[in-house]
Structure formats: C-alpha cells, structure tokens
Amino acid sequence: MTGYALDVRDLRVTLAGKRILDGVSFRCPEGTVTAVMGPSGTGKSTMLRAINRLLDLNPEARVEGDILIRGRSVWDMEPYEVRRRATMVFQDPNPFPHMSIYDNVAVGPRLHGLARSKQELDEIVRWALERAMLWDEVKDRLGDPPSKLSGGQRQRLSLARALAVKPEILLLDEPTANVDPVNAVKIEEAIRSLVREEGITVVFVTHMPSQAVRVSDYLVFLYGGRVVEQGPSREVALNPSNPLTEKFFRGEL
Amino acid sequence: MTRRVSRGPLSRLLRRVRGVRSRDDERFLLLHLPAGLTLLLVILAMLGVFIAYSIPIISREGLHVFTDTTWRAVEGDPQAEWYGLLPAIYGSVYTSLIAVLIAAPLSVSLAVTLEELTPRRLRGSLSLLTDLMAATPTIIYGLWGLAFLAPHMYPILSWLSNHASWIPLFSKHPSSGYTIATAGVLLAVMSTPFAAAVIREAYSMIPLSIREAAYSLGATRLEVIRILLGMIKPSIVAGLALAFARAIGETVAVSLVIGNSMTITPSVTDSGITVSSLIASQFGNAGFYHYMASALFAGGLVIFAIGLAVNVAAVWYMKKWEEKVVGVAS
Ligand SMILES: Nc1ncnc2c1ncn2[C@@H]1O[C@H](COP(=O)(O)OP(=O)(O)OP(=O)(O)O)[C@@H](O)[C@H]1O
Ligand SMILES: [Mg+2]
C-alpha cells in the first residue's frame with residue numbers, strides 16, 4: 001500500500017480539442033479531505049469527472065496521465081468499477097425524480113448486490129441517510145418522491161445515494177453551492193464525520209476559502225489547468241506562497 | 001395611462017375566459033377559437049352520424065349486435081338479416097393487443113438503439129429511415145404482408161401448431177399464412193415507429209445530470225438504460241397507446257392478411273377478422289341489404305369507443321404518475 005487513496009499523476013485533459021487540464025498531480029492520503037479550489041472554468045469539475053472516468057462518456061474528451069486508486073490505475077479497471085469506488089456528488093442536486101427517497105438510496109446497493117435481504121437493504125439505506133444527516137427528516141416518509149424535499153435536502157439525498165454504494169472515495173463537486181447556509185453546515189458536518197468515523201477519502205471542490213479551511217486537511221489550488229499550489233489547508237490558506245493563491249483568497253480572481 | 005375602451009358584449013364574453021386581459025389577448029382568442037371549435041364540431045358531428053346510423057340496427061337487435069356471433073346477410077328479406085359484431089370486435093382487440101405486446105419491446109429497443117447505441121454519424125440516416133417507416137402508406141405494408149410475411153409465417157405457425165398445440169394460442173392448424181398472428185405481427189411492424197418516436201423523444205430529453213448520476217453509482221451501460229427507461233415510463237405508455245390506436249384503426253393492411261373469417265378463437269394460428277377490415281370488405285355490398293350498413297356503423301362506433309377508452313386510460317395513468325413523481329396529489 002502506498003497509503004494514498006488517490007494518486008493523480010500528470011493528468012491532462014482536452015475537451016473538444018481545447019486543453020482544460022495541463023499536467024495536474026496531487027495525492028490524497030487515506031481518510032483525509034482534500035479541497036480543490038480555483039477560479040470558475042479552470043477545470044475542477046472536469047478533473048473530478050476524469051478521476052472516476054465519467055469523461056469516458058464524452059466522445060470529445062481525451063484524457064492522459066495516470067490516476068491510481070489505492071495504488072491501482074483506473075485504466076486497469078472497468079469504468080463502472082472505478083465509478084463505484086469513487087462516486088460523485090454533483091453541483092446541482094440530481095436525485096432520480098421517479099424513485100422514492102428510499103429507492104434513490106437503494107438503487108446503488110441493488111445494482112451491486114450489497115444486501116442479501118430486505119432487512120440488510122433497509123439498514124444500508126438508513127446508514128446512508130444518517131450519514132448524510134437526512135434520516136431524521138425523512139424517516140417517516142421514505143416513500144415520498146424527492147420533489148417533496150427542499151433543495152438542500154435533495155442534495156443530502158444525492159449524498160446518501162452516493163454513500164450507499166460504499167465508496168472508498170467521495171468526489172464532491174461544490175455540493176453546497178446551491179444550498180442554503182443551514183444545509184451547507186449539515187453537509188460539511190456529514191463530510192467531517194464520514195472521514196473521521198468511516199475512513200472515507202474525500203475530494204471536495206469548493207469556491208469558499210473559509211469552507212476549505214473548515215472542512216479539508218489538504219488544499220490543491222488549480223489555475224489555468226495546472227496546480228499552482230498545494231499543501232496542508234491551514235498553511236496554504238493562511239500563508240499562501242503563490243501570489244495567485246493569495247489573490248484568489250482575497251477574492252480578486 | 002391605460003386608454004379607456006368601451007367594451008362590447010363580445011369583448012365582455014371573451015374576457016370571461018381565463019387569462020384574457022387585453023385587446024391582444026382577445027384578438028388572439030378570436031383568431032384561434034374558430035379553428036379549434038370547428039375541429040371539435042367536426043368530431044362531434046362524426047360521432048353524431050355514427051350514433052344516428054347505428055340506431056336502426058340497435059333498435060332491431062338491441063345490444064345483441066355487439067354480443068352476437070352470427071352474421072347473416074339475406075338479400076330482399078330484411079326480417080331474415082342478422083348481424084353480430086362480436087367476432088370482429090374480438091379480432092380487433094386481439095390483433096391490436098398482439099401488436100402492442102410485440103411493439104412494446106421493439107419500440108423501446110428501437111428508441112434505445114437510436115439514442116444510445118448508434119454512432120452520431122449514423123443516427124441521422126437511421127432516424128430518417130424510421131420516419132420513413134412511419135410515413136409509408138399502409139397499403140404498402142398490406143401488400144408486403146400479403147406477398148411476403150404471410151407465406152413466410154405459414155411454416156412457422158404450422159410448426160408451432162404441430163409441436164405446441166396444447167397451448168390454446170396454437171391449437172388450430174393454420175390452413176394458410178393468413179392468420180391472426182400474421183395480422184398482429186404486421187400491425188406491430190406498422191405501429192412500432194410511432195411508439196418509438198414518442199419514446200425516443202422522451203429519452204432524449206432526460207437531463208445529462210440524471211444520466212451522470214446513474215453512471216457515477218457504478219452502473220453499467222445497460223443498468224443506466226434501465227434506470228432511465230424507468231424515468232420515462234409515462235411516455236412509453238403514451239407511445240404504446242398510440243400504437244394501439246393505430247393498430248385498432250388499421251383497415252386495408254389487416255384485411256389483406258387476416259383471412260377474413262368470422263370466428264372467435266384463442267388460436268393465433270387461425271384466421272379472423274377485425275371491425276375495420278369487416279367494414280372495408282363489406283361496405284361495398286351493404287347497399288343490397290337493409291340493415292348491414294347500420295351494423296357496420298355500429299362497428300365503427302365500437303372502435304371509436306375502444307380507442308377513446310384506451311386513450312383515457314393512458315391519460316389517467318400519466319396523471320397518476322405525475323401526482324406520484326411531482327407530488328401534486330392531495
Ligand atoms: N462538455 C464540454 N465540452 C467542451 N468544453 C467543456 C465541456 N465541459 C466544460 N467545458 C469547458 O471546460 C472548462 C472547464 O470547465 P469545468 O466545468 O471543469 O470548470 P470548473 O472549474 O468546474 O468551473 P466552475 O467553478 O464554474 O464550476 C470550461 O472552460 C468549460 O467551458
Ligand atoms: Mg464546476
């Protein structure tokens with residue numbers, strides 16, 4: 001074991017002929033949160049999609065470089081295995097509208113045969129909803145459609161759905177961007193306790209420096225398709241060595 | 001400031017329609033109302049004619065015209081005439097159900113194939129082909145069924161009735177390829193492009209974010225397709241309702257391949273008849289008899305009612321679905 005849950009090496013991505021990522025490298029130690037920051041349009045979302053091979057779906061995407069999950073290259077795995085081990089939560093909440101709250105969470109475990117009985121499935125669903133800090137609010141109406149939830153609740157449902165497949169890595173793409181402050185705090189808490197108690201490794205894209213400091217152990221700052229600075233979050237945030245990072249934290253980028 | 005306008009009685013009437021607030025709204029309504037109302041009137045007039053023309057046979061036979069199996073046309077002796085539509089009604093429903101059962105997997109597969117599995121370059125020409133299939137006149141399908149499908153179905157149906165006659169579906173040995181099964185298959189081929197178009201449209205509207213959500217749980221391509229198809233169930237139902245409507249209304253193609261015999265049989269390897277093909281084949285002779293035309297109109301009324309019922313059921317299902325998904329119920 002390398003001790004790294006995720007090891008991104010010289011990742012290069014072009015979309016429709018346009019270079020988006022130009023040699024990105026960073027490593028995430030097992031059981032830590034890495035915040036990825038950078039101005040809009042630098043390719044943060046694209047990077048997450050490259051990591052779990054969602055970019056395979058885009059015929060115009062070309063990905064080079066290596067990505068190792070617990071020491072194994074994603075190119076040596078089936079794409080669906082990669083995506084199961086590194087699930088993603090998106091910028092906008094996207095629960096399946098035609099499934100009940102329960103089924104949204106159960107769909108992953110069902111796909112992967114994680115439960116041998118209804119009771120086991122119930123337990124996984126409950127575990128995931130508790131982990132996403134949603135259980136108390138929905139436990140009496142698991143049969144409701146997601147349309148009856150608020151936006152923030154829907155985002156936590158998306159988180160629960162991703163957790164229910166028991167991933168090793170969680171890729172979070174600005175999960176609090178479209179969510180009110182109360183829900184944002186809940187999601188942050190959920191992430192911290194997931195890492196602490198379940199040992200999951202998190203890559204967390206965020207725009208907010210304060211959030212990055214609160215939630216993450218390490219910080220990666222992307223600019224123009226490259227990593228311009230990385231290190232322990234507090235150090236980078238309090239004492240940026242790169243002028244670009246400093247400017248970003250002052251809100252000037 | 002708003003200009004004061006004196007409003008005439010027409011204007012006052014128009015303003016009672018919800019959403020009409022301005023002169024422009026009134027004009028818009030006046031422009032579109034006549035066309036819409038005309039169409040509605042035509043449909044009502046059609047229904048009226050069918051009811052009116054059905055009255056002679058219904059007042060003579062009562063509801064037996066719908067439930068009886070005898071079809072007796074006697075020239076010059078109206079008292080001896082007797083018309084029972086049940087075999088034709090049965091055949092219409094039976095062939096259309098077979099068609100929908102076959103069209104269901106076919107149209108879903110066609111939609112998925114075009115949307116998911118066809119390379120972008122080929123998609124255009126392939127969808128043009130399916131549009132062409134939908135636009136092809138039904139007589140063309142009929143002739144194809146007559147000359148190609150029926151003779152090729154015959155050995156298959158014979159084999160089935162030889163080896164599986166214990167299944168009621170294949171109990172009768174076919175005397176030719178002109179059977180209920182042939183009609184059902186032909187109707188399925190004809191209505192699949194329509195159902196597929198509706199399903200495809202809905203499938204292509206599924207947001208990318210939902211698709212990505214499914215993939216990012218580690219679903220394989222087929223599993224993703226299954227999840228996405230679950231999401232457009234109402235459109236699948238709507239597409240199949242359309243297919244059913246087309247199948248039950250089809251006339252000439254069916255009459256060319258079904259064998260046109262007034263029988264009620266569970267065996268798809270037997271020949272049969274449908275209301276539409278009965279009307280098409282008999283209406284030319286109806287003038288020689290006193291009640292036959294009226295009986296055929298009554299048959300038209302039945303088809304109309306069944307088509308309406310299927311559509312109402314489909315709409316009802318979609319509404320239920322909407323309530324479930326969007327949560328507007330109660
Ligand atoms: N499917 C695509 N095809 C072509 N270009 C794309 C595609 N998706 C994104 N891009 C481009 O790639 C660049 C990076 O986009 P990306 O969404 O990764 O940025 P981001 O850092 O996540 O931005 P934000 O903070 O606004 O979410 C942008 O310039 C965008 O225009
Ligand atoms: Mg983004």
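Is Arg226(A) buried, exposed or partly exposed? Keep that in mind while we walk through this predicted model. Local features here need pLDDT of at least 70, side-chain atom pairs count only at pLDDT 80 or more, and totals for chains, interfaces and linings use all residues. Residues are numbered from 1 along each chain as its sequence is written, chains are lettered from A in the order in which they are written, and side-chain values use heavy atoms, with hydrogens and water left out.

**Stop 1: chain A as a whole**

Select chain A and show its cartoon. The C-alpha trace spans about 50 × 40 × 35 Å along its principal axes. The radius of gyration of chain A is 18 Å, which agrees with the value near 18 Å for a compact globule of 253 residues. That radius is taken over C-alpha atoms, and the globule rule is 2.2 Å times the number of residues to the power 0.38.

Now colour by accessibility. Of the 253 residues, 56% count as buried; buried means under 20% relative accessible area, exposed over 50%, and partly exposed in between (1.4 Å probe, protein chains only). Among contacts (heavy atoms within 4.5 Å) between residues of chain A at least 6 apart in sequence, 66% join residues at least 24 apart.

**Stop 2: Arg226(A) and Asp22(A)**

Arg226(A) lies in strand S10 (residues 226-232) and Asp22(A) in strand S2 (residues 18-29), so the pair ties together parts that are 204 residues apart in sequence. As for the opening question, Arg226(A) is partly exposed, because its relative accessibility is 45%.

**Stop 3**

Next, pick Arg70(A) and Glu30(A), whose salt bridge has its closest N and O atoms 2.9 Å apart. Arg70(A) sits in the loop between strand S4 (61-69) and strand S5 (72-73), and Glu30(A) in the loop between S2 and strand S3 (33-37), so this pair links parts 40 residues apart in sequence. Arg70(A) is partly exposed at 34% relative accessibility, and Glu30(A) is partly exposed at 30%.

Then move to Arg116(A) and Glu120(A), which meet in a salt bridge of 3.4 Å, N to O. Arg116(A) is exposed at 76%, whereas Glu120(A) is partly exposed at 25%.

**Stop 4: where chain A meets chain B**

Bring chain B back into view. The contact takes 27 residues from chain A and 22 residues from chain B. About 2,000 Å² is buried between the chains, with carbon and sulfur atoms giving 69%; buried area is the accessible area (1.4 Å probe) that two parts lose on being put together, summed over both. On the chain A side, highlight Phe96(A), His98(A) and Leu111(A), which lose the most area to chain B, together 30% of what that side buries.

Definitions and conventions: Helix = DSSP H or I, 4+ residues; strand = E, 2+ residues; numbered from the N terminus. Salt bridge = Lys/Arg side-chain N within 4 Å of Asp/Glu carboxyl O.
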